[in-house]
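Subject: Structure handover

Hello,

The structure is handed over below, and the notes on what was found in it come after. Please read the two side by side.

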Amino acid sequence: MRRLIPALTLSSLLMGLPLPGASVLGLAGSQALAQAIDMSHGEQVNISSAGPQTYDHDAQTVTFVDQARAVRGDVTIDADQLIGFLRKKAPDPNAPPPPPGDAKADGQKSDGDGAMGGSMELYRMEAIGHVHIYTTTDQAWGDKALYDIDQAVLVMTGKALKLTTPQDVMTARDVMEYHANTRMSVGRGDATVTTNDGKRIKADVLVAFSKPDNATPAQAKPAPGPNGGDSTAQRSSKLDRAYAWGHVMLRTPNETATGDRGVYVFDTQMARLIGHVHVTSGQNQNNGASAIVNMKTGVAIMNPAPGQRVEGMVIPNEASSSKPGDTHP
């Protein structure tokens, strides 16, 4: 059974709040302080659209089309279409039992339960078409997104997948994920992380972890910027480390290192690569089975495979400056 429900009616069904032009899907929880893309907790979710809103009683979904938008705290989702998945709220274990003779105590439907009656809650959202998810610091783009509120997991698919923060940019070809509880970002398929200082990590699969946000409520307020605006870069989490698998490449303006798999620590700029490792600095190259590379200083410790030797090619300075016809003793 599918019905078109005007915004005012749908608002009343879900929350009992008459908000013309928008619907509010409520979930309890404490307000999020971090600026990461996390809609798993906070105040109620406000969803609106320029087009009609459809409530499917059998599927327990509510669909918003045409410039759809969902907002919870500092997180906003814009898309051509938004689908909210609903379920009955679990009873509050701390709530006092209803008095004898109450309709709910007798197993009867009360007048407030109606079609949805405020007894439903939002547990998952799907965004389709021109998806843009953003906070004051972080942004993500894709063609389709699914957000599991229970697990605090965002999965995006489509072309030109991108996740940006003030410090770095992640792109991927196939799938991009963000796991808020573990502060983990995942890129699958030609995934790349590019930092503001010119470093790039590329692999078939990239898993990056951000540092915990230790901001207190007072610290979480944006500081005035140089032009009087908000200096929001301080509120976004910084990357801590990244793990890479398949066709791994680490690149700085002066050096490139490749391997089968690796890990990179952003603060120390140290990388460990394993499997068919090649480290190139200018015209010089070293090859081995594994390496520890300081991407800041360019110093690499290369290790051979058992029973093999480390190989390298070093171009003398005079050879690089030679001209055609020059001879050397």
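Asp190 lies in strand E13; strands (E, at least two residues) and helices (H or I, at least four) are DSSP runs numbered from the N terminus. The phi angle of Asp190 is near 50°, a positive value in a residue other than glycine. Asp190 counts as partly exposed, at 37% relative accessibility; the cut-offs are under 20% relative accessible area for buried and over 50% for exposed, with partly exposed in between (1.4 Å probe, protein chains only).

Strand E13 spans residues 184-195, and Thr195 is found in it. With a relative accessibility of 13%, Thr195 counts as buried. Leaving out residues up to four places away in sequence, Thr195 touches Gln167, Asp168 and Phe266, where a contact means heavy atoms within 4.5 Å.

The model is predicted: local features need pLDDT of at least 70, side-chain atom pairs count only at pLDDT 80 or more, and totals for chains, interfaces and linings use all residues. Residues are numbered from 1 along each chain as its sequence is written, and side-chain values use heavy atoms, with hydrogens and water left out.

Confidence

The average pLDDT of the protein chain is 76, and 67% of the residues score at least 70; pLDDT is the predictor's confidence in each residue, from 0 to 100. For residues 1-34 the pLDDT is below 50, and this stretch has 93 contacts in the model beyond near neighbours in sequence. Residues 103-117 also have a pLDDT below 50, with 20 contacts in the model beyond near neighbours in sequence.

The chain as a whole

The protein chain has 22 strands and 2 helices. Of its 329 residues, 40% count as buried. Among the contacts in the chain with a separation of 6 or more, 48% are between residues 24 or more positions apart. The chain exposes about 17800 Å², of which carbon and sulfur atoms supply 53%; accessible areas come from the Shrake-Rupley method with a 1.4 Å probe, and for residues only the protein chains shown count as cover.

The core

The largest nonpolar core has 57 residues. Such a core is a set of buried Ala, Val, Leu, Ile, Met, Phe, Trp, Tyr and Cys residues joined through side-chain atoms within 4.5 Å. Ile47, Ile77, Leu82, Met125, Ile133, Leu154 and Met156 have the most contacts inside this core. Strand E7 (residues 120-134) gives the most to the core, with 6 residues.

Thr63 is in strand E5 (residues 61-72) and counts as buried at 11% relative accessibility.

Aromatic rings

There are 3 aromatic pairs in the structure. Rings of Phe, Tyr and Trp (its six-membered ring) pair if their centres lie within 6.5 Å; planes under 30 degrees apart count as stacked, over 60 as edge-to-face and the rest as tilted. Phe209 and Tyr243 form an edge-to-face pair, 6.1 Å centre to centre with 85° between the planes. Phe209 lies in strand E14 (residues 200-210) and Tyr243 in strand E17 (residues 239-251), so the pair ties together parts 34 residues apart in sequence. Phe209 is buried, with a relative accessible area of 17%, whereas Tyr243 is partly exposed at 29% relative accessibility.

Tyr264 and Phe266 also form an edge-to-face pair, at 5.0 Å centre to centre and 80° between the planes. Both Tyr264 and Phe266 are buried. Ring pairs link Phe209, Tyr243 and Trp245 into a cluster.

Arg241 lies over the face of Phe209, 4.6 Å from the ring centre. A charge sits over a ring if NZ of Lys or CZ of Arg is within 6 Å of the ring centre and within 35 degrees of the ring normal. The charged end of Lys162 sits over the ring of Trp141, 5.9 Å from its centre.

Two loop residues

Pro253 is in the loop between E17 and strand E18 (255-265) and counts as exposed at 64% relative accessibility. The C-alpha atoms of Pro253 and Arg200 are separated by 9.3 Å, with the two residues 53 residues apart along the chain.

Gln269 is found in the loop between E18 and strand E19 (270-281). Its phi is near 60°, a positive value in a residue other than glycine, and Gln269 is buried, with a relative accessible area of 14%.

Regards
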